[in-house]
Amino acid sequence: MSLATIELAGVAKRFGAQVAVQGIDLSLQEGGCVGLVGHNGAGKSTLIKLMLGLLRPSAGTVRVLGEDPTGGASVRARREIGYLPDNVAFHPSMTGAETIGFYARLKREAPARGRALLQQVGLDEAARRRVGTYSKGMRQRLGFAQALLGHPRALLLDEPTTGLDPEFRLRFFGILADMRRAGTSVLLSSHALAELEGAVDRIVVIDHGRKLADGDIATLRAEAGLVPRLRASLANGQLPGWQQVAPGVFETSCPEPDILAFLKALPDKAGSVEILRPALDEVYAAILQGPQQNRGLGPSCAARFRVTAPAGPGESPGLRCRELHL
Amino acid sequence: MNPILLIANKEIQESIRNRWVVALTCLLAIFALTLAFLGAAPTGLVKASALAVTVVSLSSLSIFLLPLIGLLLAYDAVVGEAERGTLALLLAYPVARWQVILGKFAGHVSILAFATVVGYGTAGLVVSIVSHSDAAWPSFALMIGSSVLLGAAFVAIGYVISVLAGDRGAGGGLAIGVWLLFVLIFDMMLLGVLVADQGRMITAGMVNWALLLNPADAYRLLNLAGTSDVRMFSGMSGLAQQVHFGVTSLLFVMALWVVVPLSTAVALFARREI
């Protein structure tokens, strides 16, 4: 059974009258990866700072690797925590190699380990250049490299993909996958839900300091009330009950569990059928708007219609649907 | 390596890259050489020690310059790093907050000590070679050592400002205010009180103790009235008879002016949210 590396229970943080986060419960297991999603100012960075002990909770408890991060004992625990801050900054007059060497020594690691990490993030050729000459993406890579120092058991990454090119973004998620296989827990904050698909096993949506949703992507899709759409393209003919969105193109909504049965029932000569699942950004927007039912194209067509047979002789070609009066 | 030494080393490295070390050393050397030669010019006629006169000139300069340098080095240490975003990253490492303050202090005082010893030392060496006088070397060495101590006191005060300030601008303003308070306003206020009192309630002993409430005044007492070969040229022979504190006591007071603000900065930083 995997152990919790990070646990937050009923955490709130207030700055005077302003409530930054409230009533947050969150746990992260060994090898797990949680995506913390919210718009700018939603409270993501505040939560990460609470986990690092940079802020004290106004209410609730925070435990990271079994320690209170604001306590004296947390200093040792921080050897096993990697952190990449939002808009990471380094001293501009130091070279990349000097910077990673400094942080490596702070974690009781040999500077050679720092150089290996620079190579891993593709900065080995720029290692002798001053950080002041680095692009935003290069600084982000350097920030990611320092977060990997010390073989961390918990990685807290605040907006880690900002400024990364698509090629390195893939490599970044590859490195994260390797770390997770080795048992590292990863908390990844982002305001772009779409890029987290496939990289995280759970998503927590934060809005105005409150947790709106917590679950895997399929659960969030279901919670958002967004139903996948099926799009059928026909050479000619009509589909009763389907919505025509273009000449010969029809759409209907279909709940995820019914899609397979629905597709099996479609005739071979029906033309092409596409499944249009709600994009993650739509899911995120729907969660922010609050719970609503059936955000798809009206009531679920898969519940009301069942394709019974291919088009028979004399009938118009295409899909034939029979409405079921339930 | 110990985190304190690592942080101190980084501060020194950054200051070398920023040309802070070179600029400070050159500034102090130029001031010291100028004052040494201009101030010690008439010593040949009055048979005074050129080095002793240089101590008087340099002490008067140091009272203004070293507190300013100390505050400039330190006021940015916490609030500046917090604003640039480097402090949050540093504190996410296995480093205690008191180690961060002590590491920065060790680095900043090393820079200050290097600049003072090399800058003033060069002037002292040149003066003693040119004037063939070395009798006042102990006073000169005391002046250099206490100048470093004076700078260190203001570095420590600068950290208190840096921890308390909400942003760099406020920190800079506060640092200038503190500098004015200790090098100008404090003495003017004391003088104003003495004039108003006309010797009715305030005794010489009370003035002595009041002077210890300002590290710049403790430094002044130490260097201008503390040693016999200097007080004659500083115009403080009369004052020296009224001063109750010896060199050791004054050095102890100056050391307290380092320890107390530094401990305050550590205690405040431990509670500060980043």
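Reader: What makes the meeting of A:Lys13 and B:Glu273 a salt bridge?

Author: This is a predicted model, where local features need pLDDT of at least 70, side-chain atom pairs count only at pLDDT 80 or more, and totals for chains, interfaces and linings use all residues. Residues are numbered from 1 along each chain as its sequence is written, chains are lettered from A and ligands numbered from 1 in written order, and side-chain values use heavy atoms, without hydrogens and water. Now the pair. A salt bridge needs a side-chain nitrogen of Lys or Arg within 4 Å of a carboxyl oxygen of Asp or Glu. The side chains of A:Lys13 and B:Glu273 meet at 2.8 Å, N to O. So the pair meets the rule.

Reader: How many salt bridges does the rule find across the interface of chain B and chain A?

Author: The rule finds 2 there. Over all chains, the structure holds 21.

Reader: Why does the salt bridge of A:Glu195 and A:Arg169 tie together parts that are apart in sequence?

Author: The closest N and O atoms of A:Glu195 and A:Arg169 are 3.0 Å apart. A:Glu195 lies in the loop between strands E7 (185-190) and E8 (202-207) of chain A, and A:Arg169 in helix H6 (166-181) of chain A, so the pair joins parts 26 residues apart in sequence. Here helices (H or I, at least four residues) and strands (E, at least two) are DSSP runs, numbered from the N terminus.

Reader: Which residues are in the contact, and how many does each chain give?

Author: Contact means heavy atoms within 4.5 Å. By that rule, chain B gives 26 residues and chain A gives 30.

Reader: What area do chain B and chain A bury between them?

Author: About 2600 Å², with 60% of it on carbon and sulfur atoms. Buried area is the accessible area (1.4 Å probe) that two parts lose on being put together, summed over both.

Reader: What is called the largest pocket, and how much space lies in it?

Author: About 380 Å³. A pocket, on a 1 Å grid over the protein atoms alone, is an open set of points where a 1.4 Å probe fits, with protein on both sides within 12 Å along at least five of seven lines. The volume is the space filled by probe spheres set on the points, which are joined across faces, edges and corners.

Reader: Which residues lie closest to the centre of the largest pocket?

Author: They are B:Glu11, B:Glu14, B:Asn18, B:Asp76 and B:Arg84, of 21 lining residues. Lining residues have an atom within 4 Å of a point. H1(B) gives the largest share of the lining, 4 residues.
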